[in-house]
Amino acid sequence: MVGSEFARRSIEESPVPSRHELGARPTGFTRLRRRLNVQLVLGLALFSVLLLATVFASVISTHDPNAITTTGSLAPPQAGHLLGTDSIGRDVFSRVLHGGRVSLQVSVLSVAVALVLGLLLGIPAGYLGGRVDQVITRVLDVLFAFPAILFALVVVTILGPSIRNLALTIGFLYAPRMARIVRAPTLAVKEREFVEAARAIGAGDLRIVSKHILPNASSPVIVEVSLALGQVILTETALSFLGLGPPPPAASWGAMLGQSRQFMEFAPWTVLAPGLAIVLSATCFLLIGHGLRRALDPRERSVR
Amino acid sequence: MLTVALRRIAMLVPILLGVSMLTFGAMHMIPGDLAVALLGVDNAQDPVALENIRRKYGLDQPLPVQYVKWLGHAARGDFGQSLRLHVPVLDEILRRLPVTVELAFFSVVFGLIVGGAIGTLAAMRGRGWSIFGRSYIMLGVAVPSFFLGTLLILFGGRYIPFIPTLEYVSITEDPARHLLGLVYPVISLGTGLAAVIAENTWSAVAEAMNLEHVRVARAKGLDERRVVTRHILRNALIPITTITGLQMAFLLGGTIIIESIFAIPGLGRLAYSAINLRDYPLMQGIVLVIAVMVVLANLLADLAYALFDPRIRLS
């Protein structure tokens, strides 16, 4: 099924343009505008807000995220403290801003790890096929059997929580999904005539993979990367919620939510603020992912 | 059909071997001496005790030998003793398992009903439903279960007094209260699952609607409800079963968080405390049991797929 999708797309975007296409090729801008959809625009807007807030966290925040202020603990939202203070009197607004840094850092690093591993496993599996494919697929099946949270909890407990260990573990756990996403189009594209043609004029495997296979596998991979970013944020915050995030006093959304739960009856803002931050950032990447899928996949457009 | 099933079951062997290797390997990533970790740093001062524990767990032997021994014991249901609870690991796991299975079962039911309904409506009704469906699919995934659970305890506890939030009542004690107590955990765990199911139901129904026999059923004047139940949903059910089976890992992972939040004494909470207390034999046992459950759930989903799909069933 996936194969046919890509076969169809590569016919559309065939490397040899027809005469008609040469005559009336839309400019980059019109093509882009035709592909934009509500989800993509919303997601990108949210993403830019998120990015700015994270990059300029120290400029925007009103207090030192780890400093205990004189306002006292569990103070409700007020002029000096936009989102109130937490149980030991730290400014929640500043902590939410800084917490985003950790979450985004871990997420981007994990997805990068997953992407590299996914390409290293998925391309040989799809391109070489046969025995190699069978072995790799079996290994992926094994990895799929472990719930991400459980395995990450175990490994991070053993290795100790740090941004590096979190990113490596989560990345490792998301690699199988990425590998599957890479494998399918690789498998479909390698049978196509232009690959055969490239081989006929003496192109090596490396050249075929980089010039013909990768470009054709790129759109599902891009979609998966943004969806994975959303998922990974949730995994990272769940881990720090359970107490395995980056060590304190570093602010992290999951830990803020987890530690404030016992006070939520009197101070709901201490759980609502980090919780909404998690939801917003996950939504942002999911919106971009779904939006990109609709923009890049002709099949998706016709069905919905 | 039989050969398909047998071939699929034979595939279990390498997968289960791999699962056990990874579980075994993960525990041996512990930096430093495993014997010290097993004893606890305080007790590890005693060289005699250290030597005893090495011999007891076979730590003085090469890793492959240890693995084969461990696997042999595990296959016979012997996962060793829990370091903190001082009971056999398997007994404790079996004691906690029914609670988690019940939670997972109701969450799957919730996911199928809610997700199935939203997906079907989004595919068949107008624009309003499809916008609602798209938003639900997005938010169902984006709102993490631990935040949803927290919100339910916070606001549910405040405004809906008859649903208990933080107490677990066993089914033998008070069945009605037991089920009421599961409402929030099931919603927290099932919402994400429902989103995934809704997304897949949507595309499955949309695809089934264009099938020729559906058009024929309509053309011959079959009333709409029968067209939907008999012809569209029946076709859509095939991919939905598979997807639900594939979500098992996600679901069982979720029970770790949900059972901790709602103080439910199931396998998930046991896993969390075993990890926190560094009870390595217990950790190992739970990870292996959960992974095996996921593998078996995937197998069942695959077999169900083969059973539902006449193209495979009759081959």
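# Notebook: chains A and B

I began with burial: of the 304 residues of chain A, 46% count as buried. Buried here means 20 or more other C-beta atoms within 10 Å of a residue's own, exposed means 12 or fewer, and partly exposed lies in between, with C-beta atoms placed from the backbone. The model is predicted, so I noted its limits: local features need pLDDT of at least 70, side-chain atom pairs count only at pLDDT 80 or more, and totals for chains, interfaces and linings use all residues. Residues are numbered from 1 along each chain as its sequence is written, while chains are lettered from A and ligands numbered from 1 in the order in which they are written.

**Chain A, overall**

I listed the secondary structure next. Chain A has 14 helices and zero strands. Helices (H or I, at least four residues) and strands (E, at least two) are DSSP runs, numbered from the N terminus. I then looked at contacts, meaning pairs of residues whose C-beta atoms, placed from the backbone, lie within 7 Å. Among the contacts in chain A with a separation of 6 or more, 72% join residues 24 or more positions apart.

**Where A meets B**

I looked up the interface. On it, 37 residues of chain A contact 36 residues of chain B. Which helices of chain A each supply at least two residues to this side? They are helix 7 (130-144), helix 8 (148-159), helix 11 (205-241) and helix 13 (269-296). The class count for this side of chain A is 28 nonpolar, six polar and three charged. For the classes, Ala, Val, Leu, Ile, Met, Phe, Trp, Tyr, Cys and Pro are nonpolar, Asp, Glu, Lys and Arg are charged, and the others, Gly among them, are polar.

**Residues in chain A**

I picked T157(A), which sits in helix 8 of chain A. Is T157(A) buried or partly exposed? T157(A) is partly exposed, because 18 other C-beta atoms lie within 10 Å. With neighbours within four places set aside, L153(A) contacts L239(A), L242(A), L244(A) and I275(B).

V189(A) came next, in helix 9 (residues 163-189) of chain A. V189(A) is buried, because 24 other C-beta atoms lie within 10 Å. From V189(A) to H212(A) I found 23 residues in sequence and 8.0 Å in space, C-alpha to C-alpha.

**The core**

I turned to the largest nonpolar core, which has 157 residues. Such a core is a set of buried Ala, Val, Leu, Ile, Met, Phe, Trp, Tyr and Cys residues joined through C-beta atoms within 7 Å. A145(A), L150(A), A152(A), L153(A), I286(B) and V294(B) touch the most other members. Helix 9 (residues 175-209) of chain B gives the largest share, 15 residues. At least three residues come from each of domain 1 (32-75) and domain 2 (89-314) of chain B.

**Chain B**

I noted that these domain bounds come from an automatic or database domain assignment. The centres of domain 1 and domain 2 of chain B are 40 Å apart, taken over C-alpha atoms.

Last, I looked at a helix pair. The axes of helix 8 (residues 145-159) and helix 9 of chain B come within 9 Å and cross at roughly 145°. Axes are lines fitted to C-alpha atoms, for helices over the stretch in contact, and angles run from 0 to 180 degrees between N-to-C directions. The contact of helix 8 with helix 9 in chain B has six nonpolar, six polar and no charged residues.

Key
Two residues are in contact if their C-beta atoms, placed from the backbone, lie within 7 Å.
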